[in-house]
Amino acid sequence: MSNVQPHPKLIAIGAMAENRVIGVDGRMPWHIPDEFRWFRSATLGHAVLMGRKTLESIGRPLPGRKNLVASRRILPFAPPQDVELISDLAAFDPDTVASARVFVAGGAEVYRQMLPRCSELWLTRVHRHAEGEAVFPEFEDLFRAGECLLEHADFRVTRWFRSMPGNSGSVSNYGN
Ligand SMILES: NC(=O)c1ccc[n+]([C@@H]2O[C@H](COP(=O)([O-])OP(=O)(O)OC[C@H]3O[C@@H](n4cnc5c(N)ncnc54)[C@H](OP(=O)(O)O)[C@@H]3O)[C@@H](O)[C@H]2O)c1
């Protein structure tokens with residue numbers, strides 16, 4: 001059990017194959033429009049935090065959301081509107097973001113560092129195996145499964161709650 005204190009605003013959101021793969025050659029391993037629609041509806045109007053490689057794979061900031069992009073690089077130009085650079089994830093303070101929720105949206109490097117700080121995980125299990133080098137980190141010791149948020153022929157979305165460090169309880173709901 002990690003002793004890191006989760007933050008109620010931080011919610012991880014992502015999709016993984018049965019073999020935990022989330023990405024191949026810098027892109028998504030599948031094209032499932034209904035899963036993209038789910039991600040869009042869940043995150044619209046909120047802030048999304050992603051790694052620089054994930055932003056590059058999407059190719060543009062996500063519209064209708066505050067985009068927080070982790071990168072240690074110093075850009076030679078000002079980031080576009082609605083994009084804020086996070087130069088040090090460890091020092092990132094969700095309380096400085098003017099949004100009720102900050103969705104941690106990958107990729108693998110960012111999930112690995114941020115999952116222990118998330119109070120919830122909204123995880124899509126895609127019903128297939130996938131080829132790819134990017135995998136979702138182990139989270140089962142940190143979170144307990146809650147309700148199913150969406151059932152689809154090709155995938156299922158489950159809400160997981162972070163167990164509180166030091167006891168078996170979970171972080172209280174942040175509302176829905
Ligand atoms: N299935 C899904 O739900 C899902 C979701 C998102 C992404 N993906 C996939 O995941 C893959 C990308 O994942 P990835 O692990 O390769 O890359 P990533 O996590 O998207 O981005 C990694 C980058 O984030 C920056 N970074 C990492 N730690 C940092 C820190 N502590 N402070 C500041 N910046 C930091 C660095 O950028 P700099 O190099 O610029 O310093 C690093 O190279 C792609 O295939 C993508 O399609 C899948």
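These are my notebook entries on a predicted model, taken element by element.

**Conventions.** I number residues from 1 along each chain as its sequence is written. As the model is a predicted one, local features need pLDDT of at least 70, side-chain atom pairs count only at pLDDT 80 or more, and totals for chains, interfaces and linings use all residues. Helices (H or I, at least four residues) and strands (E, at least two) are DSSP runs, numbered from the N terminus.

**Entry 1: the sheet.** I looked up the strand order and found an open sheet of eight strands, β5-β4-β3-β6-β1-β7-β10-β9, with mixed pairing. Two strands pair if DSSP finds at least two bridges between them. The edge strands are β5 (83-86) and β9, each of which pairs on one side only. From one strand to the next, the twist averages 25°. I noted that helix α1 (residues 33-43) packs on the sheet and touches β1 (7-17), β3 (47-51), β6 (102-104), β7, β9 and β10. The direction of α1 makes about 175° with that of β1. Such angles run from 0 to 180 degrees between N-to-C directions, and axes are lines fitted to C-alpha atoms, for helices over the stretch in contact.

**Entry 2: pairs of strands.** I then followed single pairings. Strands β7 (residues 118-126) and β10 (residues 155-162) pair in the antiparallel sense over seven bridges; Thr124 has Val157 in β10 as its bridge partner. By contrast, β3 and β4 pair in the parallel sense over five bridges, where Val48 is partnered by Asn67 in β4. Asn67 in turn has Val83 as its bridge partner in β5, and β4 and β5 pair in the parallel sense over four bridges.

**Entry 3: strand β4.** Why is β4 largely enclosed by the rest of the structure? I found that four of the five residues of β4 (residues 66-70) are buried, so the strand is largely enclosed. A residue is buried if 20 or more other C-beta atoms lie within 10 Å of its own, exposed if 12 or fewer, and partly exposed in between, with C-beta atoms placed from the backbone. β4 also belongs to a right-handed β-α-β unit with β3 and α2; right-handed means that, with the strands pointing away from the viewer, the path from the first strand over the helix to the second runs clockwise.

**Entry 4: the ligand.** I counted 30 residues around the ligand, the closest being Gly23, Gly51, Thr54, Gly106 and Gly107. A residue is near a molecule if its C-beta atom, placed from the backbone, lies within 6 Å of it. The elements that give two or more residues to this shell are β1, β2 (21-23), β3, α2 (52-58) and α3 (108-114).

**Entry 5: backbone exceptions.** Most residues other than glycine have a negative phi, and most peptide bonds are trans. The peptide bond from Gly106 to Gly107 is cis, with omega near 0°, and Gly107 lies in the loop between β6 and α3. Arg20, in the loop between β1 and β2, has a positive phi near 75°. Asp25, in the loop between β2 and α1, has a positive phi of about 50°. Arg20 counts as partly exposed because it has 16 C-beta neighbours inside 10 Å, whereas Asp25 has 10 and counts as exposed.

**Entry 6: Leu142.** I placed Leu142 in the loop between β8 (134-135) and β9 (143-151). Leu142 is buried because 20 other C-beta atoms lie within 10 Å.

Methods. Contact = placed C-beta atoms within 7 Å.
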